[in-house]
Amino acid sequence: MRTEVVIIGAGPAGLLLSHLLGREGIESVVVETRSRSHVESRVRAGILESSTVELLDAVGLGGRLRREGDEHRGIHLQWPGERHRLDFVDLVGRSVWVYGQTELQKDLGRARDVAGQQIHYEVTGTEVHDIDGDRPSVTFLDSDGTEVRVEARAVVGCDGSFGPSRAAVPEKAKQTWGRAYPYAWLGVLADVPPSTDELIYAWHPHGFALHSMRSAHVSRLYLQVPPDTDLADWPNDRIWDELAARLGHGQDGWQLTPGPITEKSVLPMRSFVMEPMRHGSLFLAGDAAHIVPPTGAKGLNLAVADAALLAPALTALLRENDSRLADAYSATALRRVWRCTHFSWWMTTMLHASTDPFDARLQQSQLRWVATGQAGATGLAENYAGLPIGF
Ligand code: RFL
Ligand code: PHB
């Protein structure tokens with residue numbers, strides 16, 4: 001089989017890239033190990049930056065998001081006894097949108113259906129070949145066991161943190177950086193209206209807690225837990241009691257309303273960056289090249305920004321034989337990647353309880369500076385509401 005671009009992975013990076021290339025008349029084939037229903041029901045991110053929303057609008061994907069998503073002007077930052085609101089619109093003139101990654105994934109899937117996109121779901125044994133030349137190919141076993149080889153002009157690894165693309169770049173041609181954090185998040189989805197209008201990020205000596213949401217009827221909440229946490233040790237009552245304690249139930253009359261929990265999982269937290277994000281005719285985008293802890297809500301937005309940079313670069317390369325944008329892709333994308341990597345690390349280390357009492361004092365001082373002063377609040381707002389795609 002022959003196409004122009006093979007995209008490995010049908011997550012947000014892969015499907016958005018195929019959508020953007022399709023709009024330029026560039027043909028792509030997408031391969032994905034999981035089933036479509038699995039990809040569309042994975043509970044993950046929930047916050048879209050303003051530049052993500054503007055991009056989705058500009059390429060015809062913003063309709064349902066604007067109708068069913070919820071625009072938030074800011075967040076609440078708190079610690080025991082105090083809750084402060086940061087208004088991003090006042091601070092930096094930008095907002096964020098609450099819209100589940102599951103919904104964006106469905107919107108992307110439908111848009112690709114309409115365009116007649118070839119997507120091979122439930123493939124196995126994906127391998128990347130000949131990326132040093134300009135005729136790379138990808139081989140895999142299709143869902144019915146047929147061996148398939150797709151030749152292309154470029155391969156894009158959008159295969160997330162465990163896909164094969166990153167490993168296809170020779171060791172001597174790449175550098176990696178990373179950090180594993182000594183905690184994880186226990187995340188729950190609950191069929192109960194959110195107890196807050198905007199997200200609450202809470203520092204607490206027991207550990208961090210976050211009150212997020214998916215809709216007017218569904219709440220999404222997280223608790224900092226040790227990385228080796230066994231879900232069996234966290235019956236629902238214990239989860240709600242701990243959320244109530246950390247989020248300040250009773251503080252100034254605020255109440256957390258518990259409800260039926262429909263999903264529960266433990267998520268490890270790490271930072272990771274690989275450079276460069278291109279080797280020969282293989283390009284990497286999204287979690288395949290970088291991973292951030294979820295505290296800054298940046299992972300999905302970075303995946304979108306990579307796809308938005310890569311689409312014009314591949315278009316110029318394939319249509320005009322102009323390699324300038326493709327040659328600049330890695331360095332351009334990495335500027336934003338490192339900014340978001342720093343922001344996510346900073347939010348994470350500021351908000352998660354550590355065992356060192358000196359750290360705790362520094363965190364409280366930093367939090368107060370951010371929550372009550374113009375300079376700190378503006379820095380948080382600028383990063384959280386999002387930088388321009390080409391930052
Ligand atoms: P994805 O979504 O992981 O998609 C990669 C796809 O590649 C497939 N794949 C393969 N396909 C073919 N052959 C192979 N050998 C393959 N190996 C893997 C996988 O099955 C998968 O479908 O990566 P992408 O597209 O780069 O998107 C990244 C985002 O999904 C991720 O960064 C965010 O979900 C991170 N994240 C958040 N980001 C935000 O911007 N805001 C948030 O509020 C936010 N919250 C979160 C998050 C991630 C979370 N988890 C579970 C990781 C909250 C959570 C809980
Ligand atoms: C979410 O709603 O899943 C969410 C929101 C904000 C974060 C992380 C996750 O920082």
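Q: Ala, Val, Leu, Ile, Met, Phe, Trp, Tyr, Cys and Pro count as nonpolar, Asp, Glu, Lys and Arg as charged, and the others, Gly among them, as polar. With that in hand, how does the lining of the second largest pocket divide by class?

A: Six of its residues are nonpolar, five polar and one charged. Asp359 is in the lining, and Asp counts as charged by definition. Before we go on: this is a predicted model, where local features need pLDDT of at least 70, side-chain atom pairs count only at pLDDT 80 or more, and totals for chains, interfaces and linings use all residues. Residues are numbered from 1 along each chain as written, chains are lettered from A and ligands numbered from 1 in written order, and side-chain values use heavy atoms, without hydrogens and water.

Q: What makes this space a pocket rather than a cavity?

A: On a 1 Å grid over the protein atoms alone, a cavity is a set of points where a 1.4 Å probe fits but cannot get out, whereas a pocket is an open set with protein on both sides within 12 Å along at least five of seven lines. The second largest pocket holds about 260 Å³, a volume being the space filled by probe spheres set on points joined across faces, edges and corners. Its lining residues (an atom within 4 Å of a point) include Trp345, Trp346 and His352. Strand S13 (175-190), helix H10 (324-351) and helix H11 (357-372) each give two or more of them; helices (H or I, at least four residues) and strands (E, at least two) are DSSP runs numbered from the N terminus.

Q: Why is the pair between glutamate 32 and ligand 1 called a polar contact?

A: A polar side-chain atom of glutamate 32 lies 2.6 Å from an oxygen atom of ligand 1. A polar contact is a pair of N or O atoms within 3.5 Å, so the pair qualifies. Glutamine 101 also passes, with a side-chain N or O atom 2.7 Å from an oxygen atom of the ligand.

Technical notes:
A polar contact is a pair of N or O atoms within 3.5 Å; within protein, one must be able to donate a hydrogen and the other to accept it, and residues adjacent in sequence count only if both atoms are side-chain atoms.
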